[in-house]
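Q: Could you walk me through reading a protein model, feature by feature? I would like the general idea each time and then the case at hand.

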Amino acid sequence: MINRKTILVTGGAGFIGLNFIPYFLEKYPHYHVINFDKLTYAANMGELKRLKAYPNYQFIKGDINNRALLEELFSKHGISDVIHFAAESHVDRSIKAPDVFIQTNVHGTFTLLDIARHHWLDTENGRKCRFHHISTDEVYGSLGAKGYFSETTPYAPNSPYSASKAASDFLVRSYFHTYGLNTVTTNCSNNYGPKQHNEKLIPTIIRKAVNLERIPIYGDGKNIRDWLFVLDHCKGIDLAFHNGKSGETYNIGGKNEHTNIEIATILCGLLDELAPEYKEGTDFSSYQELISFVSDRPGHDRRYAIDASKIEDELGWKAEENFESGLRKTVEWYIHENQQSKPT
Ligand code: NAD
């Protein structure tokens with residue numbers, strides 16, 4: 001029998017959601033996806049419009065704090081599952097203006113959980129309805145030169161962003177333990193790939209390079225992140241959503257550690273090869289000459305690295321994209337976007 005789910009995907013107009021929804025609807029064309037998004041500055045309207053091509057897809061504009069609207073949506077559409085991406089996601093913004101991070105990431109997640117509880121748990125099949133919470137490895141804080149974050153690493157968030165995500169993870173945990181809501185949480189490392197907002201590290205490096213502006217790198221550039229191609233993240237979400245154990249958390253990461261300065265250097269090398277035309281007529285032999293160190297981010301975590309053996313062993317997940325080819329695809333996508341957005 002075909003399982004016809006109606007899945008509420010929150011935050012599907014952002015980077016990961018915009019990669020996840022096409023992947024998911026192509027793999028499960030019998031599912032109905034309702035993308036619920038407030039359309040903050042982080043939403044990509046051009047990419048959002050392209051999703052209309054999918055027959056089982058619908059977009060509804062709204063805030064995850066809008067209880068009345070969500071109640072109506074759950075009743076009217078018979079929401080069977082939630083995949084919750086919606087969040088304020090930029091660490092630098094959380095340092096400057098934390099309020100909205102608490103409002104969306106903490107209170108918004110609470111509102112969604114509470115509506116799911118009321119709608120699902122009184123019904124016959126309610127305990128089968130899945131609430132999948134998308135979270136980050138930043139909740140674990142910062143690592144030294146050695147070691148990895150596992151699902152049992154104590155939480156030690158250091159920025160208002162990671163603290164708000166940690167709080168939301170704990171709320172999800174509590175709704176499983178207290179009410180028996182069928183939850184699963186995935187904590188992922190840094191994603192890269194097409195459709196990411198310009199303010200994040202990799203798009204910033206590409207954009208600054210092609211505009212021949214200084215490429216800002218925090219501190220000594222030696223902060224380490226564990227980079228994962230966004231589609232590998234989507235595949236991990238798919239597996240955890242369908243097969244993850246109720247109440248469990250799964251870490252997703254690529255065992256692919258790089259310092260920020262390494263990332264900038266690789267990207268500049270790719271741009272030298274793929275887009276030399278932007279530096280024509282200048283003295284630059286490489287875009288690398290634009291790299292410039294700036295004052296460090298306050299409380300900047302030194303190193304993140306994920307031990308993904310639980311999702312690998314229990315659910316058969318594995319990062320598939322090779323870093324070189326993933327970055328190449330990413331650079332090609334941004335160059336194409338940059339050319340499209342130029343006035344003719
Ligand atoms: P993003 O900032 O690109 O997109 C977030 C989306 O959420 C936007 O479309 C925005 O309009 C929407 N949104 C924000 N506030 C909302 C609200 N109150 N109600 C409804 N919609 C709202 O983020 P992303 O990079 O796609 O990240 C998605 C999720 O994955 C987040 O929960 C983030 O914490 C998590 N995550 C991201 C990464 C990463 O590297 N990008 C890594 C691990 C985990």
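Q: Happy to start with burial: what percentage of the 344 residues in the chain do buried residues make up?

A: Buried means under 20% relative accessible area, exposed means over 50%, and partly exposed lies in between, using a 1.4 Å probe and protein chains only. Here, buried residues make up 54% of the 344 residues. Keep in mind that this is a predicted model, where local features need pLDDT of at least 70, side-chain atom pairs count only at pLDDT 80 or more, and totals for chains, interfaces and linings use all residues. Residues are numbered from 1 along each chain as its sequence is written, and side-chain values use heavy atoms, with hydrogens and water left out.

Q: How many helices and strands does the chain have?

A: Helices (H or I, at least four residues) and strands (E, at least two) are DSSP runs, numbered from the N terminus. This chain has 11 helices and 13 strands. Its radius of gyration is 20 Å, close to the 20 Å from the globule rule for 344 residues, so the chain is as compact as a globular protein of that length. That radius is taken over C-alpha atoms, and the rule is 2.2 Å times the number of residues to the power 0.38.

Q: What share of the contacts with a separation of 6 or more comes from residues 24 or more positions apart?

A: Contact means heavy atoms within 4.5 Å. In this chain, residues 24 or more positions apart account for 82% of the contacts with a separation of 6 or more.

Q: Which residues does Asp 92 touch, not counting those up to four places away in sequence?

A: With that exclusion, Asp 92 touches Tyr 218 and Arg 297. Asp 92 sits in helix H4, residues 91–96, and is buried, with a relative accessible area of 16%.

Q: How many disulfides are there?

A: A disulfide is a pair of cysteine sulfur atoms within 2.5 Å. The count here is zero. Take Cys 188: the nearest cysteine sulfur belongs to Cys 234 and is 9.2 Å away. Cys 188 is buried at 3% relative accessible area, and Cys 268 is buried at 0%.

Q: Is Gly 269 buried or partly exposed?

A: Gly 269 is partly exposed, because its relative accessible area is 32%. This glycine lies in helix H9, residues 260–274. Gly 269 and Tyr 287 are 18 residues apart in sequence, while their C-alpha atoms are 7.4 Å apart in space.
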